[in-house]
Every structure is written in C-alpha cells, then in structure tokens.
Amino acid sequence: MTVRESSAEWQGTLKEGSGRLRLGSGVFEGAYSFPSRFENGPGTNPEELIAAAHAGCFSMALTTILGRDGHIAQNIRTIAKVHLGATEAGPTITRIELETEAAIVDLAEDEFERLAQSAKAGCLVSRALAGVPRITLKATLIEAVKGQ
C-alpha cells in the first residue's frame, strides 16, 4: 500500500516558538506557531491541513460513489471546517463541518443526499477521524447543464 510522509520542525517554547510544516511531495511548506494554531495569527496549522485533507478525500469519495451509480459530476466543491475547542483532555477537534456542492445531471436531491452521506461515512479521512465527536454534512445539489 502507499505511504505518505510529511514533516514538522519546531524551535522554542510553545507560545513564543515557531515551526515549519512540509508535505513530503514538496508542493507545500508553511510556517506555524501558537498564534496561527490557537488564535488568528499568520501561518498554517495542523487543523487547517486536516480540513484540506478531509475536503479532498470527501470529494474523491463522492466522485467514486456517484460513478458506481452511473453519475458524473460536472463539478464538486467541498469545504471542511475543523473546530478546535477546549475539553478536559485539552485542546481537541470537537467538530468537523463538511459542506459540498455538486453539479450533476439527472440526479434527484434525495438520492444525492443519500450518496453524499455514504461518501462521508466511507471517506478514508472521515474514518481516520472517527474519534471526532461530530462530523456533519450539508450537501447541496446544483443544477447541471446537460451536454457539458
């Protein structure tokens, strides 16, 4: 099976220090710090990268499930919002909200909702994040133009 690798480097104390996150593919490298993670400071953070991974994985899972039912989306756009909160265990991902819009010809809204929920449940990242107390999905089917 495939192995993916990324790395992180950190210097200094938690609140005054800083670090860099690097994807193994080299397509992204960015700074992170206490302010970028727990406040609204510049830079990235692990939760933002989790959100990107979840949005990408969900979109691909939905594409796969649609294809199995004979549907091809003209476009799928997914946003993942990772909520970081305080719990007795410390800072915790308390909720993830997935919002997706898809343009698909000849698909009923209730069927789209069923397929989208199936994609949420089966997505590799959703399954990896099974410890998150709540993962929600808002799925919107937008009108697709036939012949495109």
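User: What should I know about the model and the numbering before we start?
Analyst: This is a predicted model, where local features need pLDDT of at least 70, side-chain atom pairs count only at pLDDT 80 or more, and totals for chains, interfaces and linings use all residues. Residues are numbered from 1 along each chain as its sequence is written, and side-chain values use heavy atoms, with hydrogens and water left out.

User: OK, how many disulfides are there?
Analyst: Zero, from a search of the whole structure; a disulfide here is a pair of cysteine sulfur atoms within 2.5 Å.

User: And Cys57 and Cys123, buried or exposed?
Analyst: Cys57 counts as buried at 14% relative accessibility. Cys123 is buried too, with a relative accessible area of 1%. The cut-offs are under 20% relative accessible area for buried, over 50% for exposed, and partly exposed in between, using a 1.4 Å probe and protein chains only.

User: Switching to charges: how many salt bridges are there?
Analyst: The count comes to eight. The rule is a side-chain nitrogen of Lys or Arg within 4 Å of a carboxyl oxygen of Asp or Glu.

User: What does Arg114 pair with?
Analyst: One partner is Asp69, with the closest N and O atoms 3.5 Å apart. Arg114 sits in helix α3 (residues 109-122) and Asp69 in the loop between α2 (46-68) and β4 (73-87), so this pair ties together parts that are 45 residues apart in sequence. Arg114 also meets Glu111 in a salt bridge, at 2.6 Å from N to O. Glu111 and Arg114 both lie in α3, three residues apart, about one turn of the helix.

User: How are helices and strands assigned, by the way?
Analyst: They are DSSP runs numbered from the N terminus: helices are H or I with at least four residues, strands are E with at least two.

User: How accessible are Arg114, Asp69 and Glu111?
Analyst: Arg114 counts as partly exposed at 45% relative accessibility, and Asp69 is partly exposed at 39%. Glu111 is partly exposed as well, with a relative accessible area of 23%.

User: Now strands. What's the order in the three-stranded sheet?
Analyst: The sheet is open, ordered β1-β2-β3, with antiparallel pairing; two strands pair if DSSP finds at least two bridges between them. The edge strands are β1 (6-11) and β3 (29-33), each pairing on one side only.

User: How many bridges join β2 to β3?
Analyst: Five, with β2 covering residues 18-23 and running antiparallel to β3.
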